[in-house]
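Colleague: I would like to go through this protein term by term. Please set each value against its definition.

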Amino acid sequence: MKYIEFIENLNKLEKNREYLYVPSSTSSEKKFYKLLSVAEDSIIVERDGKEIKVSIRQIKQVLDNLK
């Protein structure tokens with residue numbers, strides 16, 4: 001997936017909605033985060049009551065490494 005497609009797909013996600021995540025690969029615990037905003041360089045989510053800024057470059061790097 002190209003970088004611009006990745007950003008476009010992130011922008012299609014509904015904002016201020018909770019999305020499910022599993023904290024670790026060995027955990028069966030289910031938690032939620034709320035997507036607050038998407039920019040070209042980062043996304044901001046709320047998790048466990050705290051706002052967290054996540055670099056798009058870091059996310060893309062992880063996805064590239066998983067290929």
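Modeller: Contact means heavy atoms within 4.5 Å. Leaving aside its neighbours within four places in sequence, serine 42 is in contact with Ser37, Lys53, Val54, Ser55 and Ile56. This is a predicted model, where local features need pLDDT of at least 70 and side-chain atom pairs count only at pLDDT 80 or more, while totals for chains, interfaces and linings use all residues. Residues are numbered from 1 along each chain as its sequence is written, and side-chain values use heavy atoms, with hydrogens and water left out.

Colleague: Why is serine 42 called buried?

Modeller: Buried means under 20% relative accessible area, exposed over 50%, and partly exposed in between (1.4 Å probe, protein chains only). Serine 42 has a relative accessible area of 7%, so serine 42 is buried. Buried residues make up 16% of the 67 residues in the protein.

Colleague: What joins the side chains of serine 42 and aspartate 41?

Modeller: A polar contact of 3.5 Å. The term covers a pair of N or O atoms within 3.5 Å; within protein, one must be able to donate a hydrogen and the other to accept it, and residues adjacent in sequence count only if both atoms are side-chain atoms.

Colleague: Which strand does serine 42 lie in?

Modeller: Serine 42 lies in S3. Helices (H or I, at least four residues) and strands (E, at least two) are DSSP runs, numbered from the N terminus. The protein has two helices and four strands, in the order α-β-β-β-β-α from the N terminus on.

Colleague: What makes up the largest nonpolar core?

Modeller: A nonpolar core is a set of buried Ala, Val, Leu, Ile, Met, Phe, Trp, Tyr and Cys residues joined through side-chain atoms within 4.5 Å. The largest one has nine residues: Phe6, Ile7, Leu10, Tyr19, Leu35, Val38, Ile43, Val45 and Ile56. Helix H1 (3-12), S2 and S3 each supply at least two residues of this core, and the largest share, three residues, comes from H1.

Colleague: Tyrosine 19 is in that core. Which residues is tyrosine 19 in contact with, leaving aside its neighbours within four places in sequence?

Modeller: Tyrosine 19 is in contact with Leu13, Glu14, Lys31, Phe32, Tyr33 and Leu35.

Colleague: How many contacts, as a percentage of those with a separation of 6 or more, are between residues 24 or more positions apart?

Modeller: Such pairs account for 20% of the contacts in the protein with a separation of 6 or more.
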